[in-house]
Every structure is written in structure tokens, then in C-alpha cells.
Amino acid sequence: MKGVLEGAADLGICSSDTDTRGLLAVPYRQDTLVVVMRPDHRLAARARLAFAETLDDDHVGLHADSFINLRTKAAARSHGKALRLRIHVPGFDAVCRMVQAGFGLGVLPLQAFELIGRPLGLIAAALDDDWSQRSLALVVRDVETLSPVSRLLYDHLLEV
């Protein structure tokens, strides 16, 4: 969203509870967050778990301003703990690689896990926490001023 606000990007996708600061935000899709881990992790046999159950483990976090990073830190604080972040990485693929290398647990959208984590042999457990179910929004400054290519992408994303 920051890139759209600053004019560096024509459109963006963010959590619908993000302050869009006057940008046009339209509902895009639903998203589910999961905990990603190695198959030899103590929680790997669990299909579902509460985020609080992960707070004694190291975590691999997305960049500091990401919704997932901010939300997992807030969830840890709500349980009276600090999130044990071992490393911050720029994207979902890097989270999966660091988890695979044994740096800790990751929290990712289910679709990102399916595309990146599962092929790497990682395991995912659904989170029982309410905040793990997200609504995403597509954001733009003004639909009418989008370039033709950006407008095609915008229309396509809304159709899918």
C-alpha cells in the first residue's frame, strides 16, 4: 500500500483492516494464515493450533512493516510474551527457506504455503486465532487514471 500512496506502484493488495489513507480499496479475496514448520518440529503432527502454542519457539518474520509481522507481535504481546524473532526476511519464499534451514517457525498465507512451502517438504498447521482469517483489499489511487496495462490487471484481479 505504501508504494501506491507514494506513486511507486499503480495498485496493491493489503489487509482490509489497513488504514488506506484515502486510497480506493475494493474487496479482493479471503486469506487464511498458517504456521509453517519442518516435518520434524514438535508441533508438526497437529492440523490446527493456537498461535500462543508457538511462542516458546523461534520465528522467522516477514519485513518489519508487514501485516503478518505486526499481527504476530501483537498476538504475542496479548499473551504476555515477546515474539522470538530470529530473522526478518523480505518475502514468503525467504520465510520458507529459513524455516526449511531450521531457523524457526513462519506464519504465511495458506496459498503461499501451498505454492512454496509444500514443495520444499514443509508442514502447515491452521491457526485457531480469529486474526488468522483475513479479508484482503485491492487498492489504487484512482481507477480512471490507471495505465491501460494496470487497468487490465486491476480488472483481471477483480474477476478471478
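Biologist: How many residues line the largest pocket, and which of them lie nearest its centre?

Modeller: Rolling a probe the size of a water molecule over the atoms shows where empty space is left. Here the largest pocket has a lining of 33 residues, and Ile13, Cys14, Ser15, Phe67 and Arg134 are the ones nearest its centre. A pocket is an open set of points on a 1 Å grid over the protein atoms alone, with protein on both sides within 12 Å along at least five of seven lines, and a lining residue has an atom within 4 Å of a point. This is a predicted model, in which local features need pLDDT of at least 70 and side-chain atom pairs count only at pLDDT 80 or more, while totals for chains, interfaces and linings use all residues. Residues are numbered from 1 along each chain as its sequence is written, and side-chain values use heavy atoms, with hydrogens and water left out.

Biologist: What is the volume of the largest pocket, and which element gives the most to its lining?

Modeller: The volume is about 940 Å³, taken as the space filled by probe spheres set on the points, which are joined across faces, edges and corners. Strand 1 gives the most to this lining, with 5 residues, and the elements that each supply at least two include helix 1 (2-6), strand 1 (11-15), strand 2 (24-37) and helix 2 (67-78). Helices (H or I, at least four residues) and strands (E, at least two) are DSSP runs, numbered from the N terminus. Cys14, one of the residues nearest the centre of the pocket, counts as buried at 8% relative accessibility, where buried means under 20% relative accessible area, exposed over 50% and partly exposed in between (1.4 Å probe, protein chains only).

Biologist: How many cavities of 30 Å³ or more are there, and which residues line the largest cavity?

Modeller: A cavity is a set of points where a 1.4 Å probe fits but cannot get out. The count comes to 1 cavity of 30 Å³ or more, and about 60 Å³ of space lies in the largest cavity. Its lining includes His59, Asn69, Leu83 and Val107, and strand 4 contributes the largest share, 4 residues.

Biologist: How many aromatic pairs are there?

Modeller: A pair of aromatic rings is described by the distance of the centres and the angle of the planes. There is 1 aromatic pair: Phe51 and Trp131 are edge-to-face, at 5.3 Å centre to centre with 80° between the planes. Rings of Phe, Tyr and Trp (its six-membered ring) pair if their centres lie within 6.5 Å, with planes under 30 degrees apart stacked, over 60 edge-to-face and the rest tilted. Phe51 lies in the loop between strand 3 and strand 4, and Trp131 in the loop between strand 7 and strand 8, so the pair ties together parts that are 80 residues apart in sequence. Phe51 is buried at 0%, and Trp131 also counts as buried, at 12% relative accessibility.
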